[in-house]
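Subject: Structure for your review

Dear colleague,

My notes on it follow.

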Amino acid sequence: MSKYDVIIAGSGFGGLCCGVILAREGLNVCVVEKEPFAGGCLRSFRRGEHLYDTGMHYVGCMDEGQILRHFLQYAGVYDRLNLQRMDIDGYDRVILGDREYRFAQGYDRFCEGLTEHFPDCGTEIRHYADAVHRVGEEIGVNKLREGILSTGGLDSLSLSASGEIDRLITDPQLRKVVAATNFLYDGIRDRSPFHTHAMIQHSFINGAARFVDGTQQLADALVGEIRRNGGEVRCRAEVEKILHRDNQVVGVRLTSGEELSSDRIISDLHPATMLELVDEESKIRPSYVRRINSLENSFGVFTVWVRVDKKRFPYRNCNYYIADPREVWSDPQREHLPHTLMVSMQPLSEGDDEIVTLLSPCPSGMFARWADTRIGNRGEEYLELKERMTEQLLDEADGCLGGLKSAVREVFAASPLTYRDYTGVKEGSAYGIMNDCLRPLESLLNPVCKLGGLYLTGQNVNNHGALGVLMTSIATCGELLGREYICRKIGNF
């Protein structure tokens, strides 16, 4: 039986970040991943000659001195990444009706750009930006240097994003504009925390960037650093059971029958999935299991990848959010979410093609009848529904941007069930457990589990997105290494 200091189940961004940190600290780490390639939603997949991104379409906090860039430098991978800064004057563009609004990078540009659209709202725009900045500055490299992950946060966790935006801004159209990118965190009126909204908005204002030729390069670079520091990353290695004795983990058993030994296990899986790997003989309280299973998951995403002729539809260095002008917030009680369409492009370094990705929130109920099926075995009705939704999104994007459909060379799509089957997330959820300002402490999980030596990481534990996952990874590793120690180690790199 192979023995390790730490076993990490799952190789999403959170699992790989934990693997890098712990391997750099000299621990004998083994990351196990059920899929043929590491990366989770960092993965790029191949169709013909092209690679297509799965989930991370752009990242923030990539300016000099910003925390995500700093961590990638600490991890030894930043200089190996092919990154492209997005349009400074409009990295995100919101389309409401027949008007387009731009979000610029840097707080002064951000405010100036929106004030051009809303000249009578300059003061309110600045107040909104200041509120976002205050929350965003609760984390950062300087905080790590002090030996802490963050300062504050509880107040903004219990405030709704919609409520705070309505309090800070009186113009109804401007309210919709600043909220229209809530697709990035499953924005639900009166429930999504202002903390989540502000952290994500802050991160992109401070350096929005894309990965040229796909995000697999980030996963591969992190895997390379784990191995360079003596760790292992094993793909096609699915955990069947978390082994324990006297309420202490002792290892894992893989579906192959092989057992790996360790008294510390980090789960980068959905917490409900992780609990299914622990047998009923453990001393995990039923109340804890009920709590995890009662938490709502964020929406799934219906995704359409479009390969186009770059001469007919050239690359655009921004994202478009085509939002319903009547209501930009989601309402989980409705049968269908209000229509929001994100249009993003994946920069390629060569060739005569471009890749356009269309993403729209998709309630799990739309595909509920196929919940017990697997990829390739869902029947004609499923395929017909996918085709209708694909055509609908293509028409929507073409109507707003023009020229897309005439440039199409190849189209294919994925439902939330596709993501579920490949990533293992419950219901194909895009962001895992939903952040909820009405239940702020319940929906934010402690990385220390109720079974000795078992820890949680990933976007289900804290905030959504790359930044939230990074901070959770540092917190998880802090439970093994000492939080103040590892914060200072990373911050002072």
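**The largest cavity**

The largest cavity is lined by Asp53, His57, Arg210, Phe211, Ser344, Met345, Gln346, Pro347 and Thr357. Please bear in mind that this is a predicted model. Two elements each give two or more residues to that lining, namely strand S9 (209–211) and strand S17 (340–346). The greatest contribution to the lining comes from S17, with 3 residues. By class, the lining of the largest cavity comprises 3 nonpolar, 4 polar and 2 charged residues. The space in this cavity amounts to about 60 Å³, and the structure holds 3 cavities of 30 Å³ or more.

**Helix H2 and its two partners**

Two packed helices are described by the angle between their axes and the distance between the axes. I have used that description for the helix pairs below.

Helix H2 (residues 67–74) meets helix H15 (residues 465–481), their axes coming within 10 Å and crossing at roughly 55 degrees. H2 and H15 are therefore oblique to each other. The crossing in which H2 passes H15 is left-handed. On the H2 side the contact is made by Ile67, Leu68 and Phe71, and on the H15 side by Ala466, Leu467, Leu470 and Met471. The residues of this contact of H2 with H15 are 7 nonpolar, with no polar and no charged ones.

H2 also packs with helix H16 (residues 483–491), at an angle of about 90 degrees and with the axes 9 Å apart. H2 is therefore roughly perpendicular to H16. Here His70, Phe71 and Tyr74 of H2 meet Ile486, Ile490 and Gly491 of H16. The contact of H2 with H16 has 4 nonpolar and 2 polar residues, and no charged ones.

**Helices H4 and H9**

A further pair is formed by helix H4 (residues 122–136) and helix H9 (residues 194–205), whose axes come within 8 Å and cross at roughly 90 degrees. H4 is therefore roughly perpendicular to H9. From H4, the residues in the contact are Tyr128, Ala131, Val132, His133, Val135 and Gly136. They meet Phe194, His195, His197, Ala198, Met199, Gln201 and His202 of H9. Divided by class, the contact of H4 with H9 has 7 nonpolar, 6 polar and no charged residues.

With kind regards

Conventions:
Residues numbered from 1 in each chain as written. Predicted model: local features only at pLDDT ≥ 70, side-chain atom pairs only at ≥ 80, totals over all residues. Heavy atoms only, no water. Axes fitted to C-alpha atoms, helices over the stretch in contact; angles between N-to-C directions. Helix = DSSP H or I, 4+ residues; strand = E, 2+ residues; numbered from the N terminus. Parallel < 35°, antiparallel > 145°, perpendicular 65-115°, else oblique. Left-handed = near helix turned anticlockwise from the far one by under 90°. Contact = heavy atoms within 4.5 Å. Nonpolar A, V, L, I, M, F, W, Y, C, P; charged D, E, K, R; others polar. 1 Å grid on protein atoms, 1.4 Å probe; cavity = no way out; pocket = protein on both sides within 12 Å on 5 of 7 lines; lining within 4 Å. Points joined across faces, edges and corners; volume = space filled by probe spheres on them.
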